[in-house]
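Here is a short report on one structure.

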Number of protein chains: 2
Amino acid sequence: MTDIERDVREVAERARDAAADLAPLSRAAKDAALLAVADALVARAEEIVAANSEDVAKARENGTGEAMIDRLTLTAERIGAIAGAVREVVELPDPVGEVVRGQTLPNGLEMRQVRVPLGVIGIIYEGRPNVTVDAAALCLKSGNAALLRGSSSAYSSNTVIIDVIRGALAGTEVPVDAVQLVPGLSRDSVKHLMRARGLVDVLIPRGGAALIQTVVNESTVPVIETGSGNCHVYIDEAADVERALAITLNSKTHRVSVCNSAETLLVHAGIAEAFLPKALAALRDAGVTVHGDDRVRSYDDSVVAATEDDWGTEYLSHDIAARVVDSLDEAVVHIRTYSSAHTEAIVTDSQTAARRFVARVDSAAVMVNASTRFTDGGEFGFGAEIGISTQKLHARGPMGLPEMTSTKYVVTGEGHVR
Amino acid sequence: MTDIERDVREVAERARDAAADLAPLSRAAKDAALLAVADALVARAEEIVAANSEDVAKARENGTGEAMIDRLTLTAERIGAIAGAVREVVELPDPVGEVVRGQTLPNGLEMRQVRVPLGVIGIIYEGRPNVTVDAAALCLKSGNAALLRGSSSAYSSNTVIIDVIRGALAGTEVPVDAVQLVPGLSRDSVKHLMRARGLVDVLIPRGGAALIQTVVNESTVPVIETGSGNCHVYIDEAADVERALAITLNSKTHRVSVCNSAETLLVHAGIAEAFLPKALAALRDAGVTVHGDDRVRSYDDSVVAATEDDWGTEYLSHDIAARVVDSLDEAVVHIRTYSSAHTEAIVTDSQTAARRFVARVDSAAVMVNASTRFTDGGEFGFGAEIGISTQKLHARGPMGLPEMTSTKYVVTGEGHVR
């Protein structure tokens, strides 16, 4: 066993022990700890900003772009907002202990299925150091120990943030080891985290497609896939053109860098003449490059020729792929072939078309006459989300606190035997 | 790509296409197909029995024991019972389409979370050919395509059974490829099934610990672990001795070969004197060998010395490990260390002890004053089960039809944008 493997396992074992003590805690105890964390973040904002400036300086040395620098940068004001988000988590109901179902069986046994924490949640994430606090708060509220592995670009910030959180926990009923940073900066430490089956109950990778793919392929710990969004907007023959324009523009341009933005536009041939010239002009005006098939290109010279690769690409930029289809079913087949099964929208006034699209598209969320941008824990009223799952097992779509739990059957008798 | 890899992928692709057509089918269409399957099994029982006798003959040649031969053997009567089980699945409610939650959001969007099939379920199982029919029926009812990989010892039986099922489906709305046998007898075909991520949505191994471990370690397809049961009975200081005896005996001896039978007995030191002499005598009378620690052995000469291995062993035989503990918490630590987290029971009259045990034991089911044998889909009123999950993600404990589904968010607006 190498040093780093031993270090990672030690941290994971402490997390497992902390999880056992954390699971039975009351909501009051967990909320008190979260409030202490929020207060400590504000009280020690100066230390956090100082550590963060080291990360920012390094990023500049490495030639990181301004957009990324901005995402990395923490200020006292931003730390105040992060602490505010922790206080919002305090207000959310505690999922642990909820009775999911229950009944008295014919033989008199009382059976209840009760929500319990998952145990130890490992979160591997890139970029912004606010994720460190968000993830820790959501794990604590749902009774889970958090093993956090942020990107090396935010290592100084994360180290101090975790120190602040653990310092705050020391004065509460929540065990300090319920929040830990995974040691080491190398890829090796991620590897050993992915192999800590039996110690870590679930891994949630948050970041780019490459990170998620690596974790999915190499982890023996169960993984929840999040965030990859090749989302489609389908304009049906029976669509209202104005709605179709508004939803297309909003889905693509409201915020291009997020997983629920649209990446492909599919247009029914029967409405292409009425819709596409306006849509292509509006997209161009919004600075969007359209990558279209020949039929789309026939409406506008500025459309770039789409290649096979475009259909599968999550641009996360001012680009969109576009294609004319001859039927709703052709749109469904395209989506089933290329989509990452995050969110697809149909714009239509036809009940029959909407019903068929909803039944046949197999994605986490299907929007009818609404922007793809609505697939979001906040928009859905969950209060906060740890990510958006694009897998079918355990959780699908925005994951709130209940999705961070498992269940347990509790069966009570009076000497019952079979 | 080898021949077998190509064959497995082709079968999986056909399953994926069949799943797309199966998912939107009504309950009526699925139930009609299941009834056709039940009828066909009875009508073609003779063919099935003939194929089965080949498997049985081979098993005898290979020196298989009589108990295994009995499990393998099919008769017209047994096939009638298997068809009857299919008709019982027809009576169960269809989980697909159930609205799990729903609300109108403040902005007027109507949001519903709806149960949908998982898609393609691969089931890898050992032994009894009745599993072929049970698994196919549960998959069809829940709208999933089934890829079945039984053991080579039942290959002839399974081949004919699948042929009968597919023949019956041919006359129904359910696509024939919704039920397929994974081709090939070698371990290679299992390997390629485990690598068919993107085609197969979930793998459920049903069988011994070695099979399950292999699938968990090697599969890139998400796995639901089932069936490994190192179950504990803890006799608390405040237990009623008669109840404790009845629950211990029933948990161990009612049926020793099943996953919810007890494998370890933990006894509080404060009740050892009153309970253990009677329990050890009763277990001995029932033909059970007790593997005890020194304190247990001090009560009865027939107790064999337990080794460290005994605590982690799922005997599935007339053996039980036994240990005296000084406190409930010591019992909990023992369970958390050695249990497979299937089912643990406490026998106690103390509310405080029961509450603490339930809160601290992290297993799929916790029994209070009831036999471990009650962890069962039938006993829980689920009507049928595809297995008992011992993992925390997605499903935990007996898995009925709802556990064979995922969900999808359907959001309806009237041109909503952000």
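The text below covers strand order, a helix packing and cysteine pairing in a predicted model.

**The sheet**

Chain A holds an open sheet of four strands, in the order β5-β4-β3-β6. The pairing is parallel. Strands β5 (179-181) and β6 (202-206) of chain A form the edges, each pairing on one side only. From one strand to the next, the twist averages 20 degrees.

Take strand β4 of chain A, residues 145-149. Three bridges join β4(A) to β5(A), and the two run parallel. Within this pair, Leu148(A) has Leu181(A) in β5(A) as its bridge partner.

Helix α1 of chain A spans residues 3-22. This helix lies across β3 (120-125), β4 and β5 of chain A. Relative to β4(A), α1 runs at about 150 degrees.

**The cysteines**

A disulfide is a covalent bond between the sulfur atoms of two cysteines. Over all chains, a search of the whole structure finds zero disulfides. Cys231(A) is in none.

| Cysteine | Closest cysteine sulfur | Distance |
|---|---|---|
| Cys231(A) | Cys259(A) | 6.9 Å |
| Cys139(B) | Cys259(B) | 18 Å |

A disulfide needs the sulfur atoms within 2.5 Å.

Are Cys231(A) and Cys139(B) buried or exposed? Cys231(A) is buried, at a relative accessible area of 0%. Cys139(B) also counts as buried, with 0% relative accessibility.

How values were computed. Residues are numbered from 1 along each chain as its sequence is written. Chains are lettered from A and ligands numbered from 1 in the order in which they are written. This is a predicted model: local features need pLDDT of at least 70, side-chain atom pairs count only at pLDDT 80 or more; totals for chains, interfaces and linings use all residues. Side-chain values use heavy atoms; hydrogens and water are left out. Two strands pair if DSSP finds at least two bridges between them. Axes are lines fitted to C-alpha atoms, for helices over the stretch in contact, and angles run from 0 to 180 degrees between N-to-C directions. Contact means heavy atoms within 4.5 Å. Buried means under 20% relative accessible area, exposed over 50%, partly exposed in between (1.4 Å probe, protein chains only).
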